[in-house]
Amino acid sequence: MSSVIPLPDGGKIVKTNCFECHAKCGVLCEVDKDGKLVNVKGNPEDPRSEGRMCGKGLSATKILYDPDRLRYPLRRKGERGAGEWEQISWDEAIKWLAQRVEALTEEYGAETIAYGQGTGRGTNQWTGRAGNAGGRVHHSLSPGNICLVPMMVQAFLQFGMFPTFDGCDFDNADCIVFWGSNSVWTEPTYTSGQVGRSRDRGAKLIVIDPFFEHPLAARADHFLGVRPGADVYVAYAWLNVIMNEGLYDHEFTQKYTNAPMLIIEGAEVPLNEALIKEDGNPQAMLVWDKATQSLVEIHSKGIDEDLEYRGMIKTVDGQEVPVKTVWLGLKERADRWTPEAAEEMCWVKADTIRESARTYAQAPAATINVFQGLEEQTNCKDILQLVNCIIAICGNLEKPGGNLSMPFWNQMGPLTGAEPQTQKELRIVDERAPGTVYGISNPTCLFEAMRTGKPYPIKGYIMVQGNPLSWAENTSLVRESLKCLDLLVCMDYYMSPTCELADLVLPSTHWTERDYLADEVCSEWVFGQQKAVEPLYERKSDVWFWRTFGHRLNPEWWPWESDEELFNWQLEQTHAGITWEELKEKWIHRVPQMPSREYEKNGFGTPTGRAELYSVICLVSGSKPFPEATEPKESVFATPDLAKDYPLTAVTGRRYPIYYHSAYRGIPHLREIVPEPQVIFHTSVAKQLGIERDEWVWIESPTGRITMKARPSDGVDPRICVIPHGWWQACPALDLPGYPDGMSNANTITSDRVYNDEYLTPGLRSTLCRIVKKKEGE
Ligand code: SF4
């Protein structure tokens, strides 16, 4: 059936996809004979969402026609941030912008421009291409270091694939674990359906999260209310139980993980063939074969690897060195973390840790879903690596009901083009976070370079639907940095706080008024997202902007005359096997699938060809190859003096299913549901401080202070508080205020002092803070 269905009254139904979050639910848009969008509803033909939609998606007509949306290109007239604008045409905007970029790169060098987008806005490939165009040097200034990248890259390092996000096979799982994730709110339509079905047929549920009000906590078989940032102790205690009680999948661990690989005791570097043999291959890692009682290369077939080998090996220069397996190296670490030892650090009862570990490991098939609760920590590499180890040794990789590799339609490589060599050399990192694995600029260092000009000046920042004054840590420092720019360009739906500081503000089309080639993150689906209505006012699509601006700067690099031409090139480059016209007609298309259980034939895409518990790439990139039980860099244990003044640990970034990050507080029926920012903390703390429910309070950290309404609750540990993010927008229709200058923005209190060494991630989910009663008049 066609994707545009005419209605008898002259209207039509257009099949398309919602673009308000990663789920990209199938939608039927009803348009009347005058071309007005009158209704949206879920498309039951969508095999993933099955016709469900959430409040954000169902608000499409309100968002499309919201009078507060941006309508025309605006150029700054007065002082930066003074709110004085002149309306200009798109032609003028693109011409002016290209001239400014050329002038700045002429004066300061091409690395002076940073490009970015907001999370989940789908144009990373084009911001990358804009930056790489013709060998230019750019910096990506997007929230990748706090969203998706750490867990994706860590999974690729250990497995050569990414099975911990959309790869969760909830439908076939006997046990489902949500670990630092709340997918039933963030991808509500299909995760909730899958989890509901699985629970109905008896699947167990484990939730590991600091927040007892997690929507699944009360329904879980085991709820582990972990101290924010202390998940590493839970994970090591799980390994302790699983390894010592023999609950792991012995065959999978022996044959398909690098647990049997030998490492030299002390240095904990791999024993390779060159160390024991003249002309040996330094890339060849070794295991002990029990059948032949000899050392053999790890890729060898038909061997009987010893998981627990420990012994002395004679090296090529005649020395005797002690070696042991990776399994023993990991077990020694796990042995330190009995559930009782872990309890002291993570605040979860030892029995709960023990029982939940058994439930997970003894399930015939179990899946673990992780997300930002684990990512937005300064110890995110360790916890993500540990979770991957647990999945692997329990044999839940690529098993139906476990964590599956997703054959995702990867646009980044083919579309961004080769990265200029100089870009790598010029990456800005510093000693606070060397970024050993992530390998791109630390966003905070980029903001610093805007302020100081060191190590070289960043003078321009062009972003599409990004609002760093909401997503980046230490908001006041970000504001100060943006004010130092010579060129700030924002394309967006609304006049966000970042737009207010810009030189050029460009109006972006809503998903109902644009054509777009959409993919779901890490999925085999690609969508022909076609417009239901013509763009209103002078809004343009993000793709149109990049293509037109790119063409102006470098026509060789951006040769396409139309978006359709570009989409066809995109589909061709990514081997999707379909044209844009065909895709629009079909609306949804499954790209060729990667065969599952590929590892049985070809191994995993890692240096050892095995699922790696010990990461060889981490070792060679200067990071630790084993996961370690590391504390967050600032915490009640790591910085007790700081904790004396700031005794609460704040989890910032709490989501609401009705809002997308900092967007849509202006939509009246959504705002009615959650009208004000609320900090949640324990009733006993409220009593002690003399604070009543709904009283406005200060939340203070060493970085700054914000104000929110108090919501005392028994649903949190008395030592933590939970803070939502993204509050800036007013709702004039309900006469509800906005919150200027970051006064209720969670990132006003988060720190730019410490980061994860590998992924440059700040500790947004474990910020030390205190709650203070407001004085009269404050
Ligand atoms: S879950 Fe909601 S916001 Fe996300 S794509 Fe579906 S309808 Fe849109």
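Student: How many bridges join β7 to strand β8, and do the two run parallel or antiparallel?

Tutor: Let's start with how to read the model. It is a predicted one, in which local features need pLDDT of at least 70 and side-chain atom pairs count only at pLDDT 80 or more, while totals for chains, interfaces and linings use all residues. Residues are numbered from 1 along each chain as its sequence is written, and side-chain values use heavy atoms, with hydrogens and water left out.

Now to your strand. β7 and β8 (residues 139-140) are joined by 2 bridges and run parallel. (Strands are DSSP runs of E with at least two residues, helices are runs of H or I with at least four, and both are numbered from the N terminus; two strands pair if DSSP finds at least two bridges between them.) Across from Ala114 you will find His139 of β8. There is another partner too: β18 (residues 460-464) runs parallel to β7, with 5 bridges joining them. There, Ile113 stands opposite Gly460.

Next, look at which way the residues face. In a regular strand the side chains alternate between the two faces of the sheet. In β7, Ile113, Tyr115 and Gln117 point one way, Ala114 and Gly116 point the other way, and all are buried. Buried means under 20% relative accessible area, exposed means over 50%, and partly exposed is in between, with a 1.4 Å probe and protein chains only. Because 5 of the 5 residues of β7 (residues 113-117) are buried, the strand is largely enclosed by the rest of the structure.

Pro455 sits in the loop between α18 (443-452) and β18. The peptide bond that joins Lys454 and Pro455 is cis, with omega about 0°. Most residues other than glycine have a negative phi, and most peptide bonds are trans.

Gln293 is not a glycine, yet its phi is positive, about 50°; its place is the loop between β13 (286-289) and β14 (294-297). With a relative accessible area of 52%, Gln293 is exposed. Glu398 has a positive phi as well, near 60°, and lies in the loop between α15 and α16 (412-416). Glu398, however, is buried, at a relative accessible area of 4%.

After α15 comes Gly395, whose phi is positive, near 70°. For helix α8 (residues 231-244), 13 of the 14 residues are buried, so α8 is largely enclosed by the rest of the structure. α8 is followed by Gly246, with a positive phi near 65°.

Of its 30 lining residues, the closest to the centre are Thr119, Ser470, Trp471, His661 and Ser662. (On a 1 Å grid over the protein atoms alone, a cavity is a set of points where a 1.4 Å probe fits but cannot get out, and lining residues have an atom within 4 Å of a point; points are joined across faces, edges and corners, and the volume is the space filled by probe spheres set on them.) The elements that give two or more residues to this lining are α19 (468-471) and β24 (648-654).

β24 also belongs to a barrel, in which 6 strands close in the order β24-β28-β25-β27-β26-β29 with mixed pairing. β24 runs parallel to β28 (residues 720-724), and 5 bridges join them; Ala650 has Cys721 of β28 as its bridge partner.

Terms used:
On a 1 Å grid over the protein atoms alone, a cavity is a set of points where a 1.4 Å probe fits but cannot get out, and a pocket is an open set with protein on both sides within 12 Å along at least five of seven lines; lining residues have an atom within 4 Å of a point.
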